[in-house]
Amino acid sequence: MGMVTKSTGSWYEVDAGHGQVLKCRLRGKIRLDDAGKTNPVAVGDHVMVHLDDHEEAVITEILPRTNHIIRKATNLSRQQHVLAANIDQVMIVASLSRPKISPGFIDRYLVTTEAYGIHSILVLNKLDQWSAQEVEQANELRSIYTNAGYSVFCTSAIRGDGLDSVRDHLSSKITLISGFSGVGKSSLLNKLFGHLNLKTGEVSQFSRKGTHTTTFAQMFTPEPDLRIIDTPGIKEWGLADISGYELGHHFPEFRSYLPQCHFNTCTHAHEPQCAVREAVEGGKIPRQRYKSYLSMLLNEDNRA
Ligand SMILES: Nc1nc2c(ncn2[C@@H]2O[C@H](COP(=O)(O)OP(=O)(O)O)[C@@H](O)[C@H]2O)c(=O)[nH]1
Ligand SMILES: [Mg+2]
Ligand SMILES: [Zn+2]
């Protein structure tokens, strides 16, 4: 038995334990039985491996997953690509500027992880570059997301600020790292785990015309029991199937108000006697989060 650490679609790297890494193929018999999925095996999958007659390692069985994250193959396609499986948490990295932070984008990531039942932590990086105004913005973001139940860390991958707390939150876990290109994901990992030697400051893979874009995740194990899944070139994942009524449940700070709405099918957009809207008016739910909620509710494209 082992864990898939890399998948290219035609072959797979499987960590079989005790430092043994096998390059495997997939047994022909395992089909894409789950209609609509483009890949049967994802990084993080637990698999059974056998050596065939030619001494080749072959994946013969995929064990049940505790969770998975899906990325739509393309925007228009209904095909889905399983990005990673069996992950403990998602670490969302953002910088305030260069590239500019998009709270709407962070909220979409968070709703998606909530829908998958996966916990998230948030890292605001490049604090060595923050202006006084950006320090203020970071404090506000920290309060908004801490209030919603997420751990928030302010870091500098260059100077090393805040990295001990991040390391504590990564230990003994499998963490998928997400965030815009250029926010400092690889720099953070290099500073935390010097021997990883990840390339930094790369041009976004999407902007390099003619280059084959790799959309496959890769797992690193910088310390025993501490695993990181990097998703190079992947800007966003597809949202899980979430109905308008459900959406509010994926904003943790809305939850205590939901049972108090007059209509039990309330979408908190226009209905009378809505406890969520009252909480926004009363300053108990941050306006910025409510704004994200409305834009996700009203923009069908943002939903499955
Ligand atoms: N000033 C400053 N620059 C950073 C920091 N972290 C990353 N960078 C720079 O931001 C650029 C992108 O970093 P990289 O780690 O490749 O980002 P990734 O695309 O998210 O992996 C590089 O030029 C890094 O040197 C930081 O904490 N402070
Ligand atoms: Mg990188
Ligand atoms: Zn309501």
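How many disulfides does the structure hold? The structure holds zero disulfides, a disulfide being a pair of cysteine sulfur atoms within 2.5 Å. This is a predicted model, in which local features need pLDDT of at least 70 and side-chain atom pairs count only at pLDDT 80 or more, while totals for chains, interfaces and linings use all residues. Residues are numbered from 1 along each chain as its sequence is written, chains are lettered from A and ligands numbered from 1 in the order in which they are written, and side-chain values use heavy atoms, with hydrogens and water left out.

Buried here means under 20% relative accessible area, exposed over 50%, and partly exposed in between (1.4 Å probe, protein chains only). Cys154 counts as buried at 14% relative accessibility, and Cys274 counts as buried at 3%.

We turn next to the interior. A nonpolar core is a set of buried Ala, Val, Leu, Ile, Met, Phe, Trp, Tyr and Cys residues joined through side-chain atoms within 4.5 Å. The largest such core has 59 residues, and those with the most contacts inside it are Ile69, Ile87, Leu124, Tyr145 and Ile229. Domain 1 (2–64) and domain 2 (84–230) both give residues to this core, so it lies between them; the domain bounds come from an automatic or database domain assignment. A second, separate core of 19 residues includes Leu247, Val276, Tyr293 and Met296.

Helices (H or I, at least four residues) and strands (E, at least two) are DSSP runs, numbered from the N terminus. The buried residues of H3 are Leu163, Val166 and Leu170. They cover an arc of only 60 degrees around the axis, which puts them on the same side of H3; the arc is that of the directions from the helix axis to the C-beta atoms. On the other side of H3, Asp164 and Asp168 are exposed. Among the elements covering the buried residues of H3 are strand E8 (89–95), strand E11 (174–178) and helix H4 (185–192), where contact means heavy atoms within 4.5 Å.

Finally, some backbone details stand out. Most residues other than glycine have a negative phi, and most peptide bonds are trans. In the loop between E8 and H1, Arg98 has a positive phi near 50 degrees. A cis peptide bond with omega of about -10 degrees joins Arg98 and Pro99, and Arg98 counts as exposed at 56% relative accessibility.
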